[in-house]
Every structure is written in C-alpha cells, then in structure tokens.
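Here is a short briefing on a protein model. Look over the sequence and the 3D view first, then read the points below.

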Amino acid sequence: MVGVKKKMVTLVSSDGVEFVVEKRVAEQSLFIKNALNEGGVEEKVMIPIPKVTSDTLSSVLEYCEKHASATEFQENEIEEWDKEYIEKADLDLLYYLLQASYSMSIMGLMELGAKKVASLIRGKSPQEIRELFNIKNDFTPEQEEEIRREMQWNYE
Amino acid sequence: MDGDRAAPPSSTAVGLCLLPSELIHEILLRLSLPDLVLLRAVSRTLSSFLASSDFRRLYSPASSGPCLFVLTKRFPRDAFLRAFHAASSRWLCLPSALLPSAADPYLLAASGDHLLFASNSRRELLALNLSSRSITTLPDPPLGPRRTSSWRRSGLKLISDDSHFRFLFAELVGDRPFLFEYSSTTGTWRSSEAVNSLQPTRGGVWFNLVQFGNESVILRAGPSDEDHPVILRPRLSAALIPRQGEEALRVYGGDGKMAVVRSTALGMGVRVVTGVEVWGVALAPAGGGEWEMVAAVPEEVLERIRRPFGVMMGCMEEETENEGVIMRLRIVLVSNLEGSWDITWLGRDGSGRWVWVPVPGPDSRSKGFFNMAGIALSSCFSGLSLL
C-alpha cells in the first residue's frame, strides 16, 4: 500500500459512459450510498445509473463534487456556488437535473432545481407560463371561459 | 386565443407536467397563493395537480401565510373582495359571484374559509363559506337585527374550525356585560352574562367593552366552551393617555393586546403617525391589573409609514407561543386622505423584528381603493378553496 488510496466508484450513465469518481462524491446520492452499503463491495464497483444521460450525469457530479467538500467552504460560499450552478442550466437541463436528483435521491439538488422552477413561474401570467414551459392549453373553451369568469381580475 | 392551442409540440422529451408528481409538488409548494391561482388557469394537468388530495394535504395555511381581506364597492350593488397576501406582497381577487352584493354588504370578520358580512339593507348577518361556495343567513342575534354601524370591531370575533365557525360578540346591555355566541354547528345563538374575575387569566378571546376614565373593561371568553365569560378591569397608565395635540387610535387584537397608534395634527383635518406601540394586560394576582407597553415600532420602520392621513382605522392579529415569549403580530392600518385610501402593513416576527410590507395598489387601473366596505385579517386562510 502506497499512501492513502482514495476509494473510487464507477458510475455508468444510461448512454453507456463511465464516470470514475470518489466514493464520498458519489455518496451525495442516497441511491448510490444505499447501493454501496447493500452490495458490500470494496473495489472496482460499477453502478449503472438508469435514465440519466452522460450530459446530465456530468452536471450532477459537478454538484456532488462541490457538496462532498462543502465542509471546507463557508456556508454563503456554497450558496453562491449553488446559485451560479443552477443559473447556468437551461430549461432542458433543469428538467433533467430535477429528474436525476429525484431518481438518484440527491435532496439538495432537488430543492435547488424546484426553487429555480418556482422562481421562473413566479409573477407570470398563465399565457407567459405556457410559452416559457411549452405547456399546451388543454382546457375546453367552456372550461376556460368558466375560469376566466370566476377569477377575471386576476388574469388581466 | 387559439394560437397557443395550436402550439408546436415540445422540443424536449420532458416537460414541466411530465415530471414525477413528487417533483411537481416540490415546485408548487414553493409558490405563493397568487401564483397558484394563476397556475390553475395554465392547463388542465396543472389545475388537476392543484386539486389533488396529495397536494392539498401538503399545502397548509402556514405555507400561505396571513391575508388581509378588503371589500370595496364600485356601485351600490357591485362589490369586490380582494385578499392581500403579505408573503408575496400581492393582491388576489376572489370570485365576485360568491358575494352577497345585492345585500349592500360590509365585511365584518374573516377566519379560515369563512367570511362574515353585515348587510346594511337587510340588517342581517351573512356568512360566506369559500370552500362550499355557499352563503347562509344567520338568525337574528339576541339583541335583534342591527345596522352595520352597530357592530364594533373591537367587540367581535370569528373563529373557524374547517367546515364550521363560531361568531362571538360582546356588548353591554344596560350596564351588564354579555357575551353572545353563534355556532354554525347548531345554527343557534347563546348568550351568557359575564362575571367579575377574581383570578388572573390568560388565553381565550378578549373583547374591549368600554373605557371609563383610566379604567378599561374587557370581557374574556373561552378558551373552552364551558368557561364562563369573565370581566377584567385593567387600568390605563398615564402613558396611555394622549398628550396635548396628540390622538391615540386603539386597535384591539382580540388576544389580550392592543396597538396604540399615536398621531399629531399637520393642519386642518390632516394628521401624521408619530408612534405605534403594542400594549398588553399585566394581571395582578389579586385580580384587576394594568395595561403595560410590550413593544414599540422602531423609528426606522416608523419612517416608512409617516404619510399624512385624514381618518384611520385598523386591525391587529397576534400569534403567541411559549407562554407569551414568542409574540408574532401584524397590524394593518387603513387610512384615508381626501377620498383616497392607503393601507399600511406592519409585522413583528418571533425574534421581535419589525417589518413594513409595502402594499401596492389593487390593480393596474386604479392607484387606490374607493368605497372601502370593511377589512379583516386572517392568519389561517389557506386559499385552497380558490384552487
């Protein structure tokens, strides 16, 4: 044994790309942490991450890396980092990050993503929300008229 | 309008509505009531999310925060009910079809999903349940039908409990103090005469009855149904008596505290606020007691509300926890200067910090309020009945 060897794990994205990361980074995900505990495997672990593509996984791991060493930073420093991290994600990546954080059980990332989406919704009219998130207006004209009549002043 | 119906399909495989429902809940729970009401009109999918029992279980009145209901009238038979949501500093309009507009209503009180109106033309009390979207007319109170002007804000309280409510008011009949209570569960009124209290009491609902010189008369009801209403006579200390040239508006919170809003004259019929204090009753072991100041709005917050006004009214609500150690409260002052209304919202959080919440005009077309027909604070309005 030469020095202290860092424990590494290999994560495999849904499109087959392998990411070799420190165990403590991967364990930011409760899903991975549980998988490692259950397996009891020591070295050369390969963990498939279903439904998360390599692009998304690389972004998720950037988050995990930062947060795994979060104790070294001031609290407001990590908050600032989080803010920049989620700010540079476009809407598509934001969705993928949310889904990944959910399937991989990374609570902090899930909260960060949900907060970002909520801030995008805040203060917008129904039409603006539809355009931004590409949501189809699936109300029948009758239903829409009813909502409009009931809450007319709010929607103007 | 049809343009968005024909919008091209999403360019991505995921979309907001395709996220797992737990994630959608995570997002929705971070939004305030005014945003949720708008979201309801975006699509059927989102609207059914907001209506789902899962979401309703997670979304508590606490996630919504306190609201101020304001009733205004444009024409004699055209009333608008709005709710100001302090956490988001935004207004919300409630469905006007629900209002008893034809009855010339005046908003008396709000609690949870219940709103109580006094009809001036019919001399009746009307209760609106926002959840069932129904209006009921209360039987005449024991003192007979009364006009809107007979109701004193400091002497009444609405208490809701999901689908039911209790309406309490205190009044001197002759010189005997009475508590009148209507329960929507039984649909009947009950009256009981208050007795002098010998023991110090806390909790329950406190009504201001009258003031004689430096003595105030308070009727305390509850907290439980079996408790007999009692009379307390705390003394007003010299500091409470307005100084020369000063006026002191007293706003009673119904929880044993009052706000004192001091003002001085700026000119003919125009005044300006010089101080806002919160007073509570310190009970003496032998009965009786004295009003004492428990908090004062600091100068830097007062600076924000120093606008000239002609007349002013207000309401206050407090939440006291841990035997009175943590005192959160909010004071809303409604003032009028030459026909234009202004609303001031002051809040005090659990750590004793005071905040001023800016209250914007109700909508883009009008800057102020006209024909104000009653205000009511409610800390327990979840707004779920609007979603």
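**Briefing: two chains and their contact**

Along its sequence, chain A runs in the pattern β-β-α-α-β-α-α-α-α-α-α. That makes 8 helices and 3 strands in chain A. Keep in mind that this is a predicted model.

**Chain A on its own terms**

- Chain A has 156 residues, and 42% of them count as buried.
- Chain A exposes about 9200 Å².
- Take the contacts in chain A with a separation of 6 or more: residues 24 or more positions apart account for 54% of them.

**Where chain A meets chain B**

- How many residues does each chain bring to the contact? Chain A gives 39 residues and chain B gives 44 residues.
- The size of an interface is often given as the accessible area lost when the parts come together.
- For chain A and chain B, the buried area is about 3900 Å² between them. Of this area, 61% lies on carbon and sulfur atoms.
- Four helices of chain A each supply at least two residues of the side that touches chain B: helix 5 (91–103), helix 6 (107–121), helix 7 (126–133) and helix 8 (141–150).
- Helix 6 of chain A gives the largest share of that side, with 7 residues.
- By class, the side of chain A that touches chain B holds 18 nonpolar, 9 polar and 12 charged residues.

**Polar links across the interface**

- The rule finds 9 residue pairs in polar contact across the interface of chain A and chain B, both residues at pLDDT 80 or more.
- How many salt bridges does the rule find across the interface of chain A and chain B? The number is 0.

- Ser47(B) sits in helix 3 of chain B, which covers residues 44–51.
- Is Ser47(B) buried or exposed? Ser47(B) counts as buried because its relative accessibility is 18%, and the cut-off for buried is under 20%.
- Leaving out residues up to four places away in sequence, Ser47(B) touches Phe139(A) and Arg40(B).

- Gly174(B) lies in a loop of chain B, between strand 9 (164–173) and strand 10 (176–183).
- Gly174(B) counts as exposed because its relative accessibility is 73%, and exposed means over 50%.
- Gly174(B) and Ala86(B) are 88 residues apart along the chain. Their C-alpha atoms are separated by 41 Å.

How values were computed:
Residues numbered from 1 in each chain as written. Chains lettered and ligands numbered in written order. Predicted model: local features only at pLDDT ≥ 70, side-chain atom pairs only at ≥ 80, totals over all residues. Heavy atoms only, no water. Contact = heavy atoms within 4.5 Å. Buried area = accessible area lost by both parts, 1.4 Å probe. Salt bridge = Lys/Arg side-chain N within 4 Å of Asp/Glu carboxyl O. Polar contact = N/O pair within 3.5 Å; in protein donor to acceptor, adjacent residues only side chain to side chain. Nonpolar A, V, L, I, M, F, W, Y, C, P; charged D, E, K, R; others polar. Buried < 20%, exposed > 50% of the residue type's maximum accessible area, 1.4 Å probe, protein only. Areas by Shrake-Rupley, 256 points an atom, 1.4 Å probe, with all protein chains shown as cover.
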